[in-house]
Each structure stands twice: as structure tokens, then as C-alpha cells.
Amino acid sequence: MDALMLSRLQFAAATMFHFIFVPLTLGLSVLIASMETAYVRTGKDIYQRMAKFWGKIFLVNFALGVVTGITLEFQFGTNWAGYSAYVGDIFGSLLAIEATAAFFLESTFIGVWHFGWNKLSPKAHCIAAWCVAGASNLSAIWIIIANGFMQDPQGFVLRNGRAELENFADVVLNPFAWYQFFHVIPAAMLLGGFFIMGVSAWHLLRKNEEEFFGKSFRMAAAVALVFSIVTAIEGHAHGNHMSLVQPAKLAAMESHWKTQKGAPLYLLLVPGETGNALEALPIPGALSFLAYNDFNAEVVGLNDIPEDERPPIVLTFLSFRIMVGLGTLFPLLAGFGWLMRKRIQQYPLYLKVLPWVIPLPYVAIFAGWTLAEVGRQPWIVYGLMRTSDAVSRVTTAQVGFSMVTMCVIYTLLGVAGIWLMTNIARKGPAVLDEK
Amino acid sequence: METMNYTFLQAIWFVLWGLLWAVYFILDGFDLGVGTLMPFLARNEQEKRVMYNATGPFWDGNEVWLIAAGGVTFAAFPYAYAQMFSGLYVPLMLLLFALIIRGVSFEFRSKVDNENWKRTWDFCQIAGSFLPALLLGVAFANIFRGLPLDETGFNTATIIGLLNPYGLAGGLMFVLMFVMHGALWLAIRATGDLKTRSENLAVKLWPIQVVATVLFLAFTALETQLFGNYFLYPFLLVILALPVGGLVLMRTWMGARKWWLAWGASAAYIGGVAAFGLGGIFPAIIPSNPNPGNSLTIMNSASSPLTLKIMLGVALVFVPLVIGYQFWAYRTFAHPVGESDIHY
């Protein structure tokens with residue numbers, strides 16, 4: 001394996017691992033801040049206990065998210081020097097803005113939040129919680145704007161042998177980035193919702209702290225329901241826009257080979273890297289409609305995309321289906337929980353299933369990012385720079401060393417972290433009384 | 001006129017770039033120092049926990065200065081960022097891994113009541129504090145000395161090449177600086193016996209630091225071109241007032257048992273060492289040695305004027321804001337660690 005493929009795998013491993021923790025940080029931080037707000041408004045201790053208990057899990061998760069994020073910023077320099085030199089003028093500034101405008105706030109106030117229970121008034125402490133929640137989501141905005149530039153570069157001009165900034169507003173207001181942002185954030189909220197629902201269901205089934213977990217469950221169910229619907233609807237709009245600017249990704253995720261008007265959607269399709277092994281049960285015009293909201297629209301097929309500009313097809317195709325399949329399941333699951341929220345304990349089967357649902361939003365989010373990033377290949381910046389031109393002049397041995405070390409450390413930390421979170425979750429709020 | 005403005009912008013960014021690294025050294029310096037000192041100062045579980053909590057509320061916010069320094073290198077001097085980070089690949093990865101295991105140790109250690117579990121995370125805390133201090137010193141000493149860059153700016157240094165005597169001396173200098181800074185921080189935040197031991201350690205370290213500084217300066221004169229700028233523009237020697245003044249005042253205030261002030265003097269010393277080094281390499285960001293013609297400078301690696309201008313606006317708004325709320329956080333939590341402050 002060469003340094004390029006290793007670097008790609010390493011970056012994929014590093015981002016995926018980082019993104020186990022980020023969505024829960026985004027979603028849970030808002031939920032915890034809302035619990036603290038409820039505490040400040042009503043003065044009821046139970047809300048404070050809720051914030052503290054979910055906060056304990058949050059802190060373990062947050063620590064893993066932060067430390068795994070540090071490597072990402074530096075990997076652009078270590079492994080992707082060609083990329084950094086070519087688009088650093090734009091991409092680098094977005095990362096720097098993220099650090100100064102958001103990450104500082106988040107990291108300072110997580111310390112304040114953690115250590116401030118006895119030092120700050122409830123109101124001030126609640127503000128600290130919102131600073132953490134707001135800053136994490138603000139941080140996501142800048143990272144996604146940076147990713148949006150890689151997906152559909154805007155606001156630049158090629159000059160002095162690199163992409164230079166021409167119009168900052170175009171970079172920041174890039175529609176691709178904002179479609180992505182409003183897809184990713186609701187997905188993180190839905191994940192936070194299902195996380196709390198799953199843990200609460202486990203305790204409700206055991207009739208443990210029913211008031212505590214009943215309240216947590218109801219709050220989480222409402223959040224999961226609203227945001228699973230928002231994610232799905234927004235995802236469709238995001239897909240429409242993507243179809244316009246990234247025809248190769250569209251063709252790959254549908255494994256669509258022949259350019260045609262009124263393209264059908266095959267209910268049964270076995271994709272391949274050089275053509276489909278099976279196409280059956282077509283719905284006429286459905287693909288054109290899904291992509292462009294028009295049954296007659298022309299959809300470019302992979303046959304008309306040069307072979308060296310096609311993304312990996314099977315992986316892109318499958319990730320899309322996993323994401324959409326799970327995305328359809330979530331509103332149904334959350335909807336049931338919300339409708340039956342007052343007598344949810346009469347549905348033990350549902351409560352038994354919910355803890356097993358916790359991993360599913362993660363799977364959906366991973367599939368979504370795989371679609372976004374693998375589907376963008378062979379471009380690191382769509383249509384502008386190839387991934388193969390972006391890699392550093394480093395040796396296979398160097399990347400191999402860091403890849404192996406990173407995977408070992410991450411795996412150990414990940415296992416320990418998830419085990420710790422599970423432990424806290426199982427103990428329930430009783431964990432707050434331990435010294 | 002246009003070019004002059006551009007050069008001026010680049011110079012401003014060089015200063016800001018240096019400032020961010022200096023602030024990072026000052027802030028993360030003391031918590032890395034405290035972590036390094038753990039096996040030497042903590043005599044029992046209670047003292048270990050005090051040491052963890054002495055830096056607990058701050059380390060995360062401190063580390064972001066590293067992210068910001070890295071981000072600003074990327075944004076303002078992308079070409080230097082690309083060459084610096086890919087060229088220092090192995091030491092940088094080691095630094096990151098060390099910081100990762102240290103960061104997690106804070107959160108994980110207290111969660112399970114088991115001797116082996118705690119010992120594991122103590123090891124991560126100690127190694128994850130000592131290694132970054134050492135590696136940062138090695139990296140920056142090598143930058144001061146100049147890296148072997150070819151005509152495309154590609155860095156051909158190997159890890160063995162980086163571990164040259166001057167690089168290692170830089171590593172030891174950084175460890176010493178951070179340990180001193182950490183001992184003074186413990187003199188502020190610890191109580192009782194641990195406080196006394198930290199104070200005594202700081203007092204004992206001081207003469208070593210003075211001798212080490214003088215030797216390192218002499219070594220620098222032999223090994224680097226760092227003094228060139230200072231011979232050319234002697235008024236720049238004013239910068240030396242920071243490290244020298246810092247050293248003198250550190251001792252004065254330690255004698256007067258004013259630990260906050262002594263810590264501040266140590267911060268000035270660290271900032272001064274960074275400023276002296278960076279003032280010496282200007283206008284290079286990564287000087288090339290032995291071919292100065294291949295150096296990466298503020299001129300050949302900067303971003304476009306538009307990016308530099310926008311980033312300047314961002315920095316002028318947000319950096320004071322960050323300093324403001326971090327200052328508030330320090331004021332809220334920097335009292336001696338009491339029973340109610342033991343969270344880890």
C-alpha cells in the first residue's frame with residue numbers, strides 16, 4: 001500500500017473516530033443546557049440532577065471528542081501538505097476562525113461548567129452550559145463551511161499557483177455547506193434524543209428512578225421526533241442541491257450508468273464498479289424526480305463520466321441506502337415513543353428495543369459522511385484538485401507508523417471510554433452521590 | 001505601495017503567530033509542568049488528586065492555544081504550515097499522541113476505584129506531560145537552528161537528525177521552563193505539605209535555570225544564526241529584558257513569597273525566550289540550514305492579502321474576547337484547591 005492510500009485510510013479512521021463523539025456532544029449539550037434552563041425556571045432539583053447525571057456521561061464523551069479532534073487539524077499539514085499549500089488560503093483560515101471564535105469558548109466553558117457547580121449561581125452556571133452548547137454548534141458551522149468548500153468550491157480564484165480567496169461571503173454562504181449544516185445538526189440532535197431515550201428506557205423497564213427517567217424520556221422523545229423529521233426533509237433538499245453540483249456523486253450513489261431523461265429507479269439493483277449486475281422492477285421517472293423534482297429531468301450516467309473521475313460506486317451506493325433506510329425508521333420509532341409518552345411503561349417490548357437503537361443513529365451518520373466524502377472522490381476539492389495531488393511527500397513507513405499507533409491508542413481509549421459511559425449510564429443518578 | 005502594505009500585513013501576522021505560540025507555551029506550560037512533576041512531588045493519593053485538580057479547570061482551554069497556533073500557521077502561512085508539519089511528521093505525531101493520552105487521563109482516572117486503573121492513567125498523565133514539553137523544545141530548537149530544506153521548501157530532516165545536541169538542549173530547556181512554571185503554579189494552588197515542597201523545589205530550580213539559560217544562549221550563538229538580527233538592529237535586544245527581567249523578578253518574588261507574581265515572572269521569562277528566538281529568525285518562519293536561500297519566509301509562504309486582512313479582523317475581535325473570558329475563568333478557579341474542588 002502506498003502513502004496515499006494509507007493517508008486516506010488514516011484520515012478516514014481519524015475523522016470517523018472523532019465523529020463517534022462529536023454528534024453526541026452537539027446533541028447532548030443542547031439537551032443538558034435545556035435541563036439546566038428548566039432548573040433555573042422552576043427551581044426543581046430534579047432538573048439539576050438530570051443536568052448533572054447526563055453531564056457526567058457528556059464529560060467522558062467530550063474529552064474523547066476533543067483529544068481526537070486535535071490530530072485532525074494537524075493531519076492536513078502532516079499528510080496533506082499538497083492540499084494545505086494549494087487551498088490553505090481559504091481552508092486554513094476557516095479552521096483558524098473555528099479555533100478562535102468557537103473552540104476557545106467551548107473548551108474554556110467546559111472547565112467552568114465542570115468545576116462551577118458550587119462556585120457559580122444557578123443562572124451563571126446555566127449560561128456556561130449554553131456557552132458550551134452554542135460554541136460546539138458554532139464550531140460545527142465553521143468545520144462544515146470548510147467541508148462545503150471541498151464539496152463545491154466557491155469564492156476563490158486560481159492565482160499564483162493556488163486557490164486564493166476572492167470573496168469571503170461566497171465561501172461562508174456556500175449553499176452546499178448550509179444544506180449540509182442543517183442536515184448534520186438535526187441528525188446530531190436526533191442522536192442525542194435517541195441516546196437519552198435508550199438509557200432511560202433501560203431504567204424505566206427496571207422501574208428505577210421513574211420520575212427522573214420518565215422526564216428525561218419525554219424530553220428526549222420530543223427532540224428525537226422533531227429532529228428526525230427535520231433531518232429527513234432537509235436531507236431531501238440537500239440531495240436535490242447535491243445532484244445539481246455533484247452529478248458524479250449522484251450517479252454513483254444510485255449506480256446509474258446510462259444518461260437518460262426520465263430516469264427510472266430500480267427497486268432491485270445490484271451495483272458493480274463497471275456496471276450493474278442486476279436491474280429490475282423500475283419505477284419510471286422516479287430517479288429524475290428524486291434528484292431534480294421533475295419526472296423528465298436528465299440524469300447523467302456513469303458511462304458518460306470518465307473512469308478516472310468516478311467515485312467508488314458500491315460503497316457510495318450502499319452508504320446512501322443505509323442512511324436513508326435508517327432515516328425512515330427514526331421518525332416512526334420516535335413518533336411511537338412520543339405518542340405513548342404518558343404510559344410508555346405499558347410497552348415493555350418497545351422499552352427493551354430502545355437501548356439497541358442507540359447505535360443506529362451513529363451508523364446512519366457514518367453512512368452519511370461516507371456518502372459525502374467517498375462520493376466526492378477522486379477529488380479532494382470537487383472538480384479542482386485530486387486527492388492524489390494533495391498528499392504529502394512522506395514515506396509509507398512514516399504514515400504506517402502513525403496509522404498503527406493511532407489506531408491502537410484510539411481503540412484502547414474508545415473501548416475504555418464507551419465502557420465508562422455505559423457504567424455511568426447503568427448506575428443512573430445514584431452515581432451522583434458517590435464520592 | 002501595494003507590496004509594502006502586503007509586507008506589513010505579513011509582518012503583523014508573523015508577530016501574531018509568534019504571540020500565539022508564546023501564549024501557548026505560557027499557558028499549557030504550567031499544566032504540562034505539573035503533570036511532569038507528579039512522580040516527584042505527590043506522596044499519596046490525596047496529593048495526586050490535588051495536582052490533577054490544580055490544572056483541571058484550565059488544561060482544556062490552554063490546549064486550544066495550540067490549535068489556534070496551528071490554525072494560524074495554516075491560515076496565514078499555509079506553505080510553511082504544509083512544510084513544517086509534514087517535515088516534522090514523526091515528532092509531531094508523537095506530540096499529539098502524548099497530548100491525547102494526557103487529556104483523557106483527567107477525565108478517566110477518577111471514574112473507577114481500582115489501583116491498576118489509576119496507575120495506568122497516572123502514567124498517561126506523566127508521559128503525556130513530559131513528552132510534549134520535550135518534543136516542543138526539540139522542534140523549536142531545530143526551527144531556530146534551521147531545518148534542511150531543499151529548493152522546493154521540502155524538509156529532509158530525519159528524526160535522528162532532529163535529535164542533534166542543540167535540539168536536545170532545546171528539549172531540556174523547555175522541560176526545565178515548564179517544570180519551574182508548574183512548581184510555581186502548585187505553590188499557588190496547593191496547600192500544606194505539597195505547597196511547601198513545591199515552593200522549595202521552585203527555589204532550588206532557580207539557579208539551575210539561570211545557568212541553563214546562559215549555557216543555552218552560548219550554545220545558540222555557536223549553533224544558530226539567531227543573533228544576526230540582533231547585531232543588525234541592536235535595539236531589538238530590548239526583547240532580552242523579558243527573559244532576563246523575568247528571571248530576576250522570579251527570584252525576588254519567590255523570596256518575598258509572592259507566588260502569583262513569581263508565576264507571572266516565569267510567564268514573562270517563557271514568553272521572552274520564545275520572543276527572542278522568533279525575533280532571531282524573522283523574516284523566516286522556518287529558516288533553512290545550511291542553505292538560507294531555501295528558507296520559508298513570511299514573503300514566500302503567506303496567504304493572499306485578502307485572507308490576511310480578514311483574519312486580522314477576526315483576530316482583533318476574538319482574541320481580546322478569549323483573553324477576557326479566560327482571565328475570568330482563571331480568577332474564578334485559581335484559589336488554593338480545597339475539599340470541594342476535588343473533582344477528579
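These legends describe close-up views of a predicted model.

**View 1. The interface between chain B and chain A.**
The model is predicted, and here two of its chains meet. On one side, 67 residues of chain B are in contact with 70 residues of chain A. The size of an interface is often given as the accessible area lost when the parts come together. Between chain B and chain A, the buried area is about 5,900 Å². Carbon and sulfur atoms give 77% of that area. In chain B, Ile67(B), Phe74(B) and Tyr89(B) lose the most area to chain A. Together these three residues make up 12% of what the side of chain B buries.

**View 2. Polar contacts and residue types where chain B touches chain A.**
Between chain B and chain A, 15 residue pairs are in polar contact, counting pairs with both residues at pLDDT 80 or more. Which elements of chain B give two or more residues to the side that touches chain A? They are α3 (59-76), α4 (78-87), α5 (89-109), α6 and α14 (305-333). By type, the residues on this side of chain B divide into 45 nonpolar, 16 polar and six charged.

**View 3. The salt bridge between Asp150(B) and Arg393(A).**
The count of salt bridges between chain B and chain A is one. Asp150(B) and Arg393(A) form it, with their closest N and O atoms 3.5 Å apart. Asp150(B) lies in the loop between α6 (115-145) and α7 (159-162) of chain B, and Arg393(A) in the loop between α13 (387-390) and α14 (396-427) of chain A, so this pair joins two chains. Is Asp150(B) buried or exposed? Asp150(B) is buried, because its relative accessible area is 17%, under the 20% cut-off.

**View 4. Lys48(B) and Asp122(B) in chain B.**
The side chains of Lys48(B) and Asp122(B) meet in a salt bridge, at 3.2 Å from N to O. This pair links distant parts of the chain. Lys48(B) sits in helix α2 (residues 45-55) of chain B, and Asp122(B) in helix α6 of chain B. The two residues are 74 residues apart. Lys48(B) is partly exposed, with a relative accessible area of 25%. Asp122(B) is buried, at 5% relative accessibility.

A salt bridge joins Lys195(B) and Glu199(B), their closest N and O atoms being 3.2 Å apart. How far along helix α9 are Lys195(B) and Glu199(B) from each other? They are four residues apart in this helix (residues 192-223) of chain B, so about one helical turn separates them. Lys195(B) counts as partly exposed, at 24% relative accessibility. Glu199(B) is buried, with a relative accessible area of 3%. Elsewhere in the view, salt bridges that share partners join Glu45(B), Lys48(B), Arg109(B), Asp113(B), Lys118(B) and Asp122(B) into one network. Over all chains, a search of the whole structure finds 24 salt bridges.

**View 5. Cys407(A) and Cys124(B), with no disulfide.**
How many disulfides does a search of the whole structure find? Over all chains, the count is zero. Cys407(A) is in no disulfide. The cysteine sulfur nearest to that of Cys407(A) belongs to Cys124(B), 17 Å away. For Cys124(B), the closest cysteine sulfur is in Cys407(A), and the 17 Å between them is too far for a bond. Cys407(A) counts as partly exposed, at 29% relative accessibility. Cys124(B) counts as buried, at 10%.

Notes: Residues are numbered from 1 along each chain as its sequence is written. Chains are lettered from A and ligands numbered from 1 in the order in which they are written. Side-chain values use heavy atoms; hydrogens and water are left out. A salt bridge is a side-chain nitrogen of Lys or Arg within 4 Å of a carboxyl oxygen of Asp or Glu. Buried means under 20% relative accessible area, exposed over 50%, partly exposed in between (1.4 Å probe, protein chains only). Contact means heavy atoms within 4.5 Å. Buried area is the accessible area (1.4 Å probe) that two parts lose on being put together, summed over both. A polar contact is a pair of N or O atoms within 3.5 Å; within protein, one must be able to donate a hydrogen and the other to accept it, and residues adjacent in sequence count only if both atoms are side-chain atoms. Ala, Val, Leu, Ile, Met, Phe, Trp, Tyr, Cys and Pro count as nonpolar, Asp, Glu, Lys and Arg as charged, and the others, Gly among them, as polar. A disulfide is a pair of cysteine sulfur atoms within 2.5 Å.
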